[in-house]
Amino acid sequence: MSNALSKPAYLVLRDGSVFRGLSFGAEGTASGEVVFNTSMTGYQEMLTDPSYAGQIVVPTFPMMGNYGINATDDESGRIQVMGFVVRERWMQPSHFDATRTLHDYLASQRIPSIHGVDTRAVTRRIRDSGAMMGTITSTETPDEALARLRATPSYGDIDFVQHVTTDREFDWNGDGRSRIVAIDCGVKYNILRNLARRGSRVTVVPSTATAEEVLAHRPDGVVISPGPGDPVHNEATVRAAEALIGRVPILGICLGHQVIARALGAGTYKLKFGHRGGNHPVQDVRSGRVYITAQNHGYAVSDAGLPSSLEVTHRNLNDGTVEGLRHRAVPLLTIQYHSEASPGPLDNEYIFDEFMDLVRDASK
Amino acid sequence: MTTHEKPRKVLVIGSGPIVIGQAAEFDYAGTQACRSLREEGITTVLVNSNPATIMTDEDVADFVYIEPLTVDVVERIIAREKPDGLLPTLGGQTGLNLAMDLHRAGVLERHGVRLLGTSPETIAKAEDRELFRDMLSAIGEPTPPSEIVHSVDEALAVGRALGLPLVVRPAYTLGGTGGGFAKTMAELEEVARTGLAASPIHQILVERSLLGWKEIEVEVMRDAADNCIIICTMENFDPMGVHTGDSIVIAPTQTLSDKEYQMLRSASIKIIRSLGIQGGCNVQFALSPHPIVGEALPGGAPAPMQYYVIEVNPRVSRSSALASKATGYPIARVAAKIAVGRTLDEIPNAVTKKTKAAFEPAIDYCVIKIPRWPFDKFATGDRVIGTQMKATGEVMAIDRSYVAALQKAVRSLEMGGRSILWQDPEWKQGAARGVEGLPLNPTDLRLWVMLAALRRGVGVNDLCKITMVDPWFVQGLQHIVDMERRLLGQELTSDLLWEAKRLGFSDEVIGTLADRLPEQVRQQRIEAGIRPVYKMVDTCAAEFEAVTPYFYSCYEQENEASPLPAPRAVVIGSGPIRIGQGIEFDYCSVHAAWALRDSGVHSIMVNSNPETVSTDFDSSDRLYFEPLDEEAVRDIIDNETPPGGDAPASVVQFGGQTAINLSQALGRAGLPIMGSSADAIDIASNRERFGDLMERLGIPQPPGATVTSLEEGLSVAQRIGFPLLVRPSYVLGGRAMEIVDNATQLVRYLSRAVEAGQGRPILMDKYFEGREVEVDAICDGEQVLIPGIMEHIERAGVHSGDSMAVYPAPTLTEEEQHMIVDYTTRIGLALGVRGLMNIQYVIMSESLYRDPSTFDPSSHLKSSVYIIEVNPRSSRTVPFISKVTDVPMVQLATNVMRGQTLREQGRQGGLQPVKPLVAVKAPVFSMQKLPGVDTYLGPEMKSTGEVMGIDKALRPAVAKALMAANLMLPPKGSLLVTIADRDKPEAVPWLKLLHERGYRLYATSGTAALVSGLGIPVTPVNRVGEPAANALSVVVDRTVDGVVNTIAEVAVSLKDGFEIRRAAVERRMPCYTSIDTARAAVEALAYGYDRFSVAPTAKYVDGTA
């Protein structure tokens, strides 16, 4: 293997722990919140998910790059992660539609990455101590990296949505029976594809769009998208949501769910290390049915202080956290997980059907 | 009882004997299921014919029946126990078929028994090809274009319509028995014929071949509330065309993008919902191959992301056992709970104890399974692998990368000298360039052939086109070869050593390449601080803190397994199931771990076999899933040794020859062994030292010698006389043990063996054709406890593993018994055995056969007892004898090893009082799956498994054993008899008996003369090769229902009977090659089919049956 060609690199965590490895992708340094994801497939989708902005992602599955990078599986216009930490990166991908290697892809967008790392050790550290800031470096000593890291602002203090949202509105597709506006806090293409597939004409607007700007499109429904970071930074979207609730059917996904909950007076809080992967069981509390979901979030909606107007429809089977809400009076449903999957199981696309039912009922 | 009501009492059907296609995985499944049901407060009744299983232990189920798995027997069990539920999905295809037979016979309805988890309709939908295809087409899931046919003519017509190549799949068989590929119409005719014969309902599917496509398996679970989860997906290294049981398998899938993975995941869920399965199921897909492979296919590259559903197993399977061990998710346990109405969100995840069973395991390592084939035993067997499974067992290895896991799996195979570097000298002939001379077709050796090709510079893509293996897998092999070159050419620095260890190179292979001894490599890496660390298998990729003590090694930064506190001991397991080392040794290993745990000693299990109970994470206090070689075991012991503390002792007596062989290496490394010392073990296995000891003790052995030349051999033969048992002292591709009757045969054997052996010695012993007796015993240094004496039905010369054994010995005189007890006791004490030993004796007396019905044990018959061999370890018969004598041998022996005497355990030495029962152990063969292998019984073991018949008297016990082994003659019918001259006098009584029972006899000339001389009508048939009706044709066209074929001079006559025996075996008709088995079978037939008892084993043992 071409290990001999790689430069030594380190992953240094805020608590001082140091993990050895070798540089790949781009050389240099990158800092961010270090999080792990337990999905065994879907690294290209993961890398391009805007919700990973500001984060260094550690896939727990040890072999990455097996099937290369293709022209179709991007979930946004670029790689969104700050850095990528893997156990082994495969340099000779094998797949019918692979156009390049994982290494080339990361290098082309200047994403510092590190391979050869004991990623399970990193995961255990995060599990035990919580998600924390970290840095990848192929140019500094671990001590230098730690010193720099201490001077780096914390993930939670930064508004990443402003960096990933679209700067101007655009139409995803020009036709369709229902008109849906998607407020882009870091939308994934597969949300738009799912809406389009269900006969929607989708317009994507920036996260700073006001309720009036949204309503100017005369939407039949509004989707507030997932996105990165702490929802406290998304006051503009919260205000827009507040004004939209009850006037138009709304679907909130992930950050969108948190924003809507805040708009109705609920609180949000940071989870110890979040939920990231494609195997999280979520129970529909009304039917008892369990759904395997794709998840990617570090914050959650608090149970305490939930307004009586909201009903908890879904909970995480593992830790009981709120996974879905429905408004008792107006057409509004929200989910903490990713019904659009990509990567992840397709079992939850029915949420889009339920939303489209709300849209149709409302326009009758 | 309504569908959702929890049953009160449940019958669990086991899978019977170990055969190819159905190995120890169902012991694991049945044991988990029984425990799981008992946790739910349900009374359990278990039936299985295989005594060498944990599931048939007294305390696994409430009522345990070791009885034949037939409709009649199970109906009697149902009538007696009155269960209200039956769990059909945990006993493999055997259990499923039996459940369906019970359903069809109306037994279940008659007794008000409900099938749990999976309804008869569901089973039929999944198993019947026509219903299955209809169901899939109704839900829009694609199946390969195919037709179901019931005759060869129909098959040919369909073949012409679909186009070649085609594949034939018989309905309702296990391990793909009788199926195969056809690239020509002639091949189609042949495969269709065998397929129709193999199918119990004479139905086959003729289908478009998807040869070369990717083969993907998905393990799915569903509960009554319709919650569905995927436990594991697996990808086959060997593409479509090789049975998944014969494929190298990797988990999780490696070459699928998320889009492809989710496509197959969703399809699997759709299928399990449509089938309505409550429990586990396995779905097999063919997915269009990589374009490089696709372009090499006859019809060109198929469209990307195209898939077909190949097969569904509506039950726990071999693959689900692998999936369980690969993920840590206890599939059988959860499936059993679902079957009685629990839902996934209610069932706790036993691994994390914090989360629920409703989730999909995430794994953060790579798992490789490699099948273990029996061709080291069967050199003449056809090594080509295809749709008919041939492997007897498998190994699994876990590591953080594919390449490292693959190398570890190769080490786990325990193939003697066949390391990753092994090459057949024959491949070197010819050009030694390109692929010339390399057998790259699918065989058990293909992995090594592919590596050889890469070493010769064959390109990855070229190799993919030839083998149809995906480029990703071949690229991994290229990484191995690249590292080999570096190890050959570069200085072995710490960095290079680290890289090589990360890629899974063993110390031994590194040593070979870098010109060092393995021990030097070990020392160098330990000095450089390069040691493996151990990571946990936790179902969740470390997301949640887990409590499972289940570990694998890797070369990484962080170690998760700190030494267990003392007292503790390492139990060395027995590795893959192979001929000669089966599930019995897993039974013993598990009991050793339990005995240690019961006495407050932490048990540390090491094993590499995913099919077993021993590799369940709760069988021991800590499980290391690792190869059973010196490097791995020493690394584990090092890891369990606290700084400055003592190394834990190893238990080597229970893991068969695998563990015993390790004792010498551990001894050399100065590591402690529990029980008998490495030296005692050496004496027992070293011919000279053992001979000296026997001489000192005055215990006679058959005369013998070790020779290295033809001349020496002939002079030894002159001195001790023929017949002789000859065998090389080294392993040599199956040309192993033979009985030679005269000088000509000896010369032929010796000249071959001397040449191949290159100076290594050949062992020659006088072959005593006497009655064979076997004992297992426990020795504590003061006393020797013998639970019972087993007498073989077949005379010496048939391997003890292939003989029927009877407890208590029916025809030994009191004097003979006395002598056996005396010898056994003196040998145990003199050898210094601490723990178990097994001894085989041969008795030479007035006759080779004593009629048990008239035999008087107090008679004074002149006889001599000779010792054949001593094994200073547990044996194949330990589970059998433990169960029928109620002496927990492994537990007692383990306690002895810890230093507790038998007396302190409340036991007296000597032969234990006889139980009021007769138990017969009978061998079971898998010969129909191994074309080219002779079924003739001889000194080389051939059976894959065993069954037990137990009753209050000898005759019914024998009948039940034969019935369970499928060796019973039908109540009425015809028999072909070709009997060697020397056996003819002995045959007279049972030939008469057959005639009295209305049997029609067919015989070749010599035997026919004898038969008609007795006044019995007989149809003479020609010899094989002469015009029909001949001895072969009457078997082929099923004129006869069974064959007795005995021969005098093995080496000469073997060829004649070979085709007859193969024809019989392939038609699943009994074929007896020992006059003793034939006699027992005829006597059992005469006794009758219905005069036996059916009772829990415990009732026989305490005399209340």
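Let's start in chain B of this predicted model, where strand β18(B) is joined to strand β21 (residues 622-625) of chain B by two bridges, the two running parallel. In this pairing, Y550(B) stands opposite L623(B) of β21(B).

β18(B) also pairs with strand β17 (residues 533-536) of chain B. Here there are four bridges, and the strands run antiparallel. M536(B) is the residue that stands opposite F551(B) of β18(B).

So how enclosed is β18(B), which covers residues 550-554? Five of its five residues are buried, so the strand is largely enclosed by the rest of the structure.

Now for another part of chain B. An open sheet of four strands is found there, in the order β6-β9-β7-β8, with antiparallel pairing. β6 (146-149) and β8 (180-182) of chain B are at the edges; each has a single partner strand, so one side of each has no neighbour in the sheet. On average, neighbouring strands of the sheet are turned by 25° against each other, ignoring direction.

Zoom in on one pair: strand β7 (residues 166-170) of chain B meets β8(B) over three bridges, in the antiparallel sense. Within that pair, L166(B) stands opposite A182(B) of β8(B).

Two helices of chain B pack on this sheet, as the table shows.

| Helix | Strands touched | Angle between directions |
|---|---|---|
| α7(B), residues 152-162 | β6(B), β7(B) and β9(B) (204-208) | about 15° with β9(B) |
| α8(B), residues 185-198 | β7(B), β8(B) and β9(B) | about 15° with β7(B) |

Finally, what about the place where the chains meet? 43 residues of chain A are in contact with 47 residues of chain B. On the chain A side, β2 (18-25), α3 (119-129), β15 (268-284) and β16 (290-301) each supply at least two of the touching residues. Which of these elements gives the most? That would be α3(A), with five residues.

Key: Residues numbered from 1 in each chain as written. Chains lettered and ligands numbered in written order. Predicted model: local features only at pLDDT ≥ 70, side-chain atom pairs only at ≥ 80, totals over all residues. Buried ≥ 20, exposed ≤ 12 C-beta atoms within 10 Å, placed from the backbone. Pairing = 2+ DSSP bridges. Contact = placed C-beta atoms within 7 Å. Axes fitted to C-alpha atoms, helices over the stretch in contact; angles between N-to-C directions.
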